[in-house]
Amino acid sequence: MSKIELIHGSCADQVADVVVNAANSGLWAGGGICGVIFAKAGEDELAKACSKYRTPLSDGDAVITPAFNLTNAKAIIHAVGPNFGATPEAFDKLFDAYYNSLSVMKENGYHTISFPLISSGIFGGRLENPAVESTRQCCRAYKKFISDYPDYDIEVKLCAYGRNEMARAQAEFEGGMGLRTK
């Protein structure tokens, strides 16, 4: 049976088949969770694997690489969330980043995935509450995915790193989506 949970912590620390990197369109090492994942996986190996993709990727795209030295996962999915500073109404692209990650996970035969709150950091732009919007779009993508593929069980771990981010995400997760927090 499929399930989704909200976790206070880093997606890079969760045990899952797949860890999701909040990637930039060029798939290069960045700051925030992207920098953490590159460091844990091995920057040179991961950069070489990423360089095999034709970039720039579009907002909402998701691609997969091996996890290399990231021992708690088998693969890394690089999901490009929109930069709400440049595209303030790109909610559909944020949904796509989550949904396409789930699709890539399924295409590769994996069942567990650990997400950061995509586009909730510097890509949050001028959104009033990027953590809430990211949580909302992740939950929408999860619900659509399990509706589209009811016989493919998945486990989604949505991770909020900071305390304020967690409080905002939790309110949306429990209130707006009627889900429970772990």
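Guide: Let's get one term out of the way: the radius of gyration is taken over C-alpha atoms, and the globule rule is 2.2 Å times the number of residues to the power 0.38. What you see is a predicted model, where local features need pLDDT of at least 70 and side-chain atom pairs pLDDT 80 or more, while totals for chains, interfaces and linings use all residues. Numbering starts from 1 along each chain as its sequence is written, and side-chain values use heavy atoms, without hydrogens or water.

By that globule rule, 182 residues packed into a compact globule would have a radius near 16 Å, and the protein chain agrees because its radius of gyration is 15 Å. Along its principal axes, the C-alpha trace spans about 40 × 40 × 30 Å. Five helices and six strands make up the list of elements (DSSP runs numbered from the N terminus: H or I of at least four residues for helices, E of at least two for strands). Read from the N terminus, the order is β-β-α-α-β-β-α-β-α-β-α. Of the 182 residues, 52% are buried (under 20% relative accessible area; exposed is over 50%, partly exposed in between, with a 1.4 Å probe and protein chains only).

Now for your pocket. On a 1 Å grid over the protein atoms alone, a pocket is an open set of points where a 1.4 Å probe fits, with protein on both sides within 12 Å along at least five of seven lines; lining residues have an atom within 4 Å of a point. The largest pocket holds about 540 Å³ of space, a volume filled by probe spheres set on the grid points, which are joined across faces, edges and corners.

So who sits around that space? The lining has 25 residues, and Ala22, Gly31, Gly32, Ile33 and Gly121 lie nearest the centre of the pocket. Strand β2 (18-23) and helix α1 (32-41) each bring at least two residues to the lining. Helix α1 gives the most, with four. Sorted by class, the lining has 14 nonpolar, ten polar and one charged residues (nonpolar: Ala, Val, Leu, Ile, Met, Phe, Trp, Tyr, Cys, Pro; charged: Asp, Glu, Lys, Arg; polar: the others, Gly among them).

Next, follow the chain through the loop between β2 and α1, where you'll find Leu27. The phi of Leu27 is near 60°, a positive value in a residue other than glycine. Leu27 is also buried, because its relative accessible area is 3%. Gly30 sits in the loop between β2 and α1 too, but Gly30 is partly exposed, at 31% relative accessibility. Leaving aside residues up to four places away in sequence, Gly30 touches Asn24 and Gly35.

Phe68, in the loop between β3 and β4 (75-80), has a positive phi near 50° without being a glycine. At 35% relative accessible area, Phe68 is partly exposed. Pro56 belongs to the loop between α2 (43-50) and β3 (62-66), and the peptide bond leading from Thr55 to Pro56 is cis, with omega near 10°. Further along, Gly162 lies in the loop between β6 (155-160) and α5 (163-176). Gly162 counts as partly exposed, at 25%. Gly162 and Ser101 are 61 residues apart along the chain, and their C-alpha atoms are separated by 23 Å.

Now compare that with Glu5 in strand β1 (residues 3-8). Glu5 and Phe173 are 168 residues apart in sequence, with 8.7 Å from C-alpha to C-alpha. Glu5 is buried, at 7% relative accessibility.

Last stop: the cysteines. The structure has zero disulfides (pairs of cysteine sulfur atoms within 2.5 Å). Cys138 is in no disulfide, as its nearest cysteine sulfur, in Cys139, is 5.5 Å away. For Cys11, the closest cysteine sulfur belongs to Cys159, and that is too far for a bond because the gap is 5.7 Å. Cys11 counts as buried, at 1% relative accessibility, and Cys138 is buried at 1% as well.

Terms used:
Contact = heavy atoms within 4.5 Å.
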